[in-house]
Amino acid sequence: MTSIFTPSPKPSIEQDQFLTIRSREEALARFEAALFPRQLPSETRRLADALGRALAEDVVAPIDVPPFDRSNVDGFAVRSADLARASEGTPVRLALTDETISCGIAPTRPVLPGTATAIATGGPVPRGADAIVMIEHTQPVGEAGGDGAIEVRRAASPGQFVSYAGSDIARGEALLRSGTIVGSREIGMLAACGIAEVLVTRRPRVAILSTGDELVQPGDGLRPAAIYDTNGAIVTAAIAENGGDASFLGAIADNAAMLEAAMRKALADSDMLVLSGGTSKGAGDVSHRIIGGLGKPGIIAHGVALKPGKPLCLAVCDGKPVVILPGFPTSAMFTFHDMIVPVLRRMAGLPPRSDAKVAVKVPVRIASELGRTEFVMVSLVEGADGLIAYPSGKGSGAITSFAQADGFLKIEALADQLPGGSEAEVTLFTPHVRVPDLVIVGSHCTGLDLVTAPLAHAGLVVRSIAVGSLGGLAAAKRGECDLAPIHLFDDKTETYNTPYLADGLELVPGWRRMQGIVFRKDDTRFAGLSAEQAVRAALADPACIMVNRNQGAGTRILIDRLLAGSRPDGYWNQPRSHNAVAAAVAQHRADWGMTIAPVAHASGLGFIPLAEEHYDFALVTARKQRPAVQAFLDALASEEGRAALVRAGFRPA
């Protein structure tokens, strides 16, 4: 019978230097350089089948979540202005409308001054209402069993117990980035947006072979001088744990022809081949001698300065990694986790492994309720003296509070707060969380996603925390971020942003975006008017309701300048995003507001330009030379970045 074993071509001089010891860093660098960059194969999976997979492309939110302003509690939708003087001693009586709003029921009656509407948790907030009063804080009154009115003994603040449209997820924002691991939290985010399937990186198919005459598979009887094959089971499980589609092909005796045939078939059917044993100097160690004939470039490193793990052999055969682990189980698993897992996870689109707990500093006070142990979700950023944990909650109904957090810290039941500056320990949600390379805290803009996309695709972790322009400046002054996006107009100098900078901060020009009045296209009250004329027309019509922006937002400054001290109906309705303003107008809960042109156009609304504002960045000078900051500045100045901004409706500075 003719042997199928064909002698391998004469190996190169470098490959002939068996067990030429290389440092761990050099061996790994050579291995990765021979494998990457590479196009990772992808496949479309339904949400239920995408768990644990890495996204192969960015996912953009197709809708606002929630899609309307909704109640966070059972109670009554009210006008906060009606309850400004409410107290235990001076209760305020409100007449009830003839409507009860439940989940899935669109309101048909407006809340007029002096009235309230019963509403359930999750119910849409009706027109005219800007707050919710909990049912526990009301008392029914009236002769007919209390159906017609309620008494309220507590004042209500604007926005109380209201989740605004788009406050959780804004339509058009980058919902999840390419490379994100799909877990239950991510599936919740995708489902909330109506997304049924996603493109994910296909798991690399990894074949596992054990080698050695002495090996017996678990379950079989041991013969004299034989041992059970532990490496096969351990390596197969470890590959599955780290994103590989593992296929154990059994143990092969120390026979060159049989082993080469098994290796060739395994490589033909798989993306990667992992063997254990046969990599040392013994007469029966033939695995490494076969590799030279399986494809180029062949052996990358044979012998690594590790203890244990010195005989490790790394090779690449026609683009496919071939790994020969040491035969001893301890050596095999040490080298596998240290040297092979990074490559395997990268092929699977997974991030590097990390520890499960980290020590942090909490920069701001976190209030807590006495008597209850509280778990606070946090996002991690790198501070001057270590990790900083930012509370990341958006409310109990927000999906992203959970999905976008890195982990949680615990406040004990006997504490009513965690003071600012406290040291704490954060438990990570997964061992794969990476501290962000770039931290952006301040005003949010959809243009940010366009500039940071190349950074995320290059493997940098970018964290953007939207707290408004003034909140971002405060974080920058404390050194808790790299950049603070701001768009603040100074009346005295009639300039943007520069007057607000403090020592240690410098201005990086960003882009220009048009702010203006937004209204429904069929609303003839605003047809053909300038922004100033439109506001005057709105103020002259008592039935015209506005939607404002939150204090601290740059847009709020522009609105207040236009209003010149007026406080029209809806003034205290203060959502925190441009998307929520557009949603309020589009859904007839308000008639006009102020937002940016791209959001107005995306919502199909009329838009009256007011002013082209400067959306710039306050850069923390001490962090300017960090690689991620330089990468951001390069992306901002690049032709690709500028073109993307122009396509989205912005004008680069």
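**Ground rules.** Residues are numbered from 1 along each chain as its sequence is written, and side-chain values use heavy atoms, with hydrogens and water left out. The model is predicted, so local features need pLDDT of at least 70 and side-chain atom pairs pLDDT 80 or more, while totals for chains, interfaces and linings use all residues.

**Sheet.** I took helices (H or I, at least four residues) and strands (E, at least two) as DSSP runs, numbered from the N terminus. Strands pair if DSSP finds at least two bridges between them. I traced 6 strands in an open, mixed sheet, ordered β16-β13-β17-β20-β19-β18. Its edges are β16 (245-252) and β18 (297-302). I then looked at β17 (272-276) and β20 (320-325), which pair in the parallel sense over 4 bridges. Leu273 stands opposite Val322 in β20.

**Salt bridges.** I used a side-chain nitrogen of Lys or Arg within 4 Å of a carboxyl oxygen of Asp or Glu. The count comes to 33. For burial I took under 20% relative accessible area as buried, over 50% as exposed, and partly exposed in between (1.4 Å probe, protein chains only).

- Arg623 and Asp482 meet at 2.6 Å, N to O. They sit 141 residues apart. Arg623 is buried at 9%, and Asp482 is buried at 0%.
- Asp98 and Arg109 meet at 3.2 Å, N to O. Asp98 lies in β5 and Arg109 in the loop between β5 and β6, so the pair ties together parts 11 residues apart in sequence. Asp98 is exposed at 64%; Arg109 is partly exposed at 40%.
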